[in-house]
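Subject: Structure handover

Hello,

Here is the structure I promised to pass on. My notes follow below it.

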Amino acid sequence: MTALALTEVVADYGGERVIGPLDLTLARGERVALVGKSGAGKSTLLGVMQQRWRHHGAALMPQQLGLVPSLSVFHNVYMGGLARRPTWYNLVSLARPFRRDLDAILPLLERFDIADKCWSAVGELSGGQSQRVAAARAIHQRGDLLLADEPISALDGPLAERVLVALGEAYPTSVLAMHDVELALRFTDRVVGIADGRIALDEASHRLNARDLLVLY
Amino acid sequence: MWHSATVRTSLGFVALAIACLLVADFQISAHDPWAELGRLFLGLAQPNFSAVDYLGEAIVRTLAFAFVGVGLGAAAGLLLALVFHHRAVRTTCAFIRAIHELFWALIFLQFFGLHPLTGVLAIAIPYAGIFAKVYAEILDESDPQPAQVIPHGTGVVSALAYTRFSQAWPHLATYTAYRLECGLRSSAVLGFVGMPTLGFYLESSFAQGQYTTVGALLLLFYALIATLRLWARPRLLPFYLLAAPFLLGEGLPIRWQSVSRFFTEDIVPEPLRQGEGLAGLMPWLGDLLANEALPGIWNTLLLTQIALVATGLLTLMLYPLVSQHFTGRHAAGRVRGALGHGVLVILRSTPEYLLAFILLQLWGPSMLPAVVALAIHNGGIIGHLVGQRSNAITLRADAPRGIERYAFELTPRLYGPFLALLFYRWEIIMRETAILGILGIATLGFYVDSAIQEIRFDRAMVLIVITALLNIGVDILARHLRNRLRLRHTASCEP
């Protein structure tokens, strides 16, 4: 994978400029936190990144999670690996999952404390449980780059950290939009602050503390 | 209240229906209608199930035609739904579903004869058009985001199966189950044009005055539909679908020369066949329009308007039967509610064609049996749906009871959904009105049937196309009215 670069990016919504023009380059093995108040354009920027880098193996974990409520937890996680399997295999799995996929997915669910929900429909889960399913799907996708929009917003305490650690292990390169400043500083290498659709701050995480980010809010 | 567009539109429809009543023929011409009706009820009270072979065959064939027809229709509809955004597909689907199953059967009878293919295609083709439209609407309502997050490089089929189909699956299944019930009715009615299904046996029992057998047939049919949920289990469906093609019966062999003759001779307009060219075509068409199409259209419109308003009035009377706000929620209320449901199941599961046929036997030919049959069947369907909708409403604890609750609390809140459903049924009522002509009421179906009896398929085809265009016109008008009155609707509530 070559370095990922956005140059002169703009995005409009309903005739109004939401982000840009901005430039952003992402080095391989770099974990970036996108911070900024709501409405600053973080989600839009992640959307642009996904469109540009989809072909480079970007896995997306949107804020609304993009899960299929009528399918089981297993199948939603399995969807991360759809591209690795032939069509017939995917169709058979829909009716009757294969042992080897189950063996790959169950440990993930156990790690996230949702193994008992493996065969429940995602529509019946709580917000926090659904978010863990979406994280498991992103990990199962085994892409080269993770784009996650508030991946732990519905989780608290140790579980939030467990998910961030797991995502970090699976994706050395990632862009995470986060509102929890403490966690952002602890789990990423670089912080990009967005204000009014432009980059207002771009600094290595270890050189920042929580108070430095207050200017963005 | 009188200034609201909804009320004004409703009153306009009622006024139009009253005007239509004045010019329509509503005479009871039967010799002794009530005695006939009494004999029928006696037959229902003392059904004769002794002719087991005969009844068994009627039921098995009815089921087989329904399963094969609806199965093929659903499969074709699903494929068409995927390309439904193409204008050509949308137009074709609108056209094929605007032609009633019985008209399709009459067409296929000409070239396949009494072969099972006739009955199967007569159900499958119009159903494919309906399935395509509703499936496409259901799929469109699914959330697009799961499709955006699946990994790049996923095959089209896998992506569809896991995202749009999986999301829409519960709605697709519910709707398909509902259409299976419709398919059973369609299949039963196909017997009236010679297919070996329930209608065939019913017609012959009526002709022989065997009311006890008629009673047995009708009761079996109700039982079949009322227990649909018990035996049409998702796990059993594959077996039914596999077995059904082998239970259609032999029928008569297809004579392939009649297939080619149908296209090269039968449906070619007479003047062209005789070599008169365009000069002869115009007077031929003019004569057809003036003497058959126009009177047929006039009567069809007349009857449709009266039946539509009668359906509406009956619906407003029936929905409290299945509304918890009237039956109550406790033990006694449950019993009352179950009884109400029973009544509506009987009303809506009797095909209007079959009802009209029975009433026509009892009252003699006029528009009356047709209006009553259409109102009962459609009122039963919409009453059920409006009743269900009413159960979603929460009333305040001190809400009035009885007639005041009906007039001030519920009916005003349900009136929008009620009108939306009624306008949805409008096109269906018109399609049925046209078809009831086969029974001898002078709507378009009467002229189609007469033309076929006289072996003038060229005329029949023109009339069928006119009927289809009329249905499409009403559908467009209904959609326009729904939009103007801002009546909200969802795909899954469309029958």
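First, a term. Helices (H or I, at least four residues) and strands (E, at least two) are DSSP runs, numbered from the N terminus. On that basis chain B has 22 helices and zero strands.

Two points on provenance and labels. This is a predicted model: local features need pLDDT of at least 70, side-chain atom pairs count only at pLDDT 80 or more, and totals for chains, interfaces and linings use all residues. Residues are numbered from 1 along each chain as its sequence is written, while chains are lettered from A and ligands numbered from 1 in the order in which they are written.

Chain B

The radius of gyration is taken over C-alpha atoms, and the globule rule is 2.2 Å times the number of residues to the power 0.38. Chain B has 495 residues and a radius of gyration of 23 Å, close to the 23 Å from the globule rule, so it is as compact as a globular protein of that length. Its C-alpha trace spans about 75 × 75 × 55 Å along the principal axes.

Burial is a neighbour count. A residue is buried if 20 or more other C-beta atoms lie within 10 Å of its own, exposed if 12 or fewer, and partly exposed in between; C-beta atoms are placed from the backbone. In chain B, 46% of the 495 residues count as buried.

Contacts need C-beta atoms, placed from the backbone, within 7 Å. Take the contacts in chain B between residues at least 6 apart in sequence: 76% join residues at least 24 apart.

One helix pair in chain B

Helix 17 (residues 331–349) of chain B meets helix 19 (residues 367–391) of chain B. Their axes come within 7 Å and cross at roughly 135°. Axes here are lines fitted to C-alpha atoms, for helices over the stretch in contact, and angles run from 0 to 180 degrees between N-to-C directions. That angle makes helix 17 of chain B oblique to helix 19 of chain B. The classes are roughly parallel under 35 degrees, roughly antiparallel over 145, roughly perpendicular from 65 to 115, and oblique for the rest.

Helix 17 of chain B contributes B:Leu344, B:Leu347 and B:Arg348 to the contact. Helix 19 of chain B contributes residues including B:Ile376, B:His377 and B:Ile381. By class, the contact has four nonpolar, five polar and one charged residues. Ala, Val, Leu, Ile, Met, Phe, Trp, Tyr, Cys and Pro count as nonpolar, Asp, Glu, Lys and Arg as charged, and the others, Gly among them, as polar.

Chain A

Chain A comes to seven helices and eight strands. The C-alpha atoms fill a box of roughly 50 × 35 × 35 Å along the principal axes. Buried residues make up 41% of chain A.

A:Arg142 is in the loop between helix 5 (127–141) and strand 5 (145–149). It counts as partly exposed, with 15 C-beta neighbours inside 10 Å. A:Asp196 is in the loop between strand 7 (190–195) and strand 8 (198–204). A:Asp196 is partly exposed too, with 13 other C-beta atoms within 10 Å.

Between the chains

The contact takes 20 residues from chain A and 19 residues from chain B. On the chain A side, helix 3 (residues 87–95) gives the largest share, four residues. That side divides into 10 nonpolar, nine polar and one charged.

Best wishes

Terms used
Contact = placed C-beta atoms within 7 Å.
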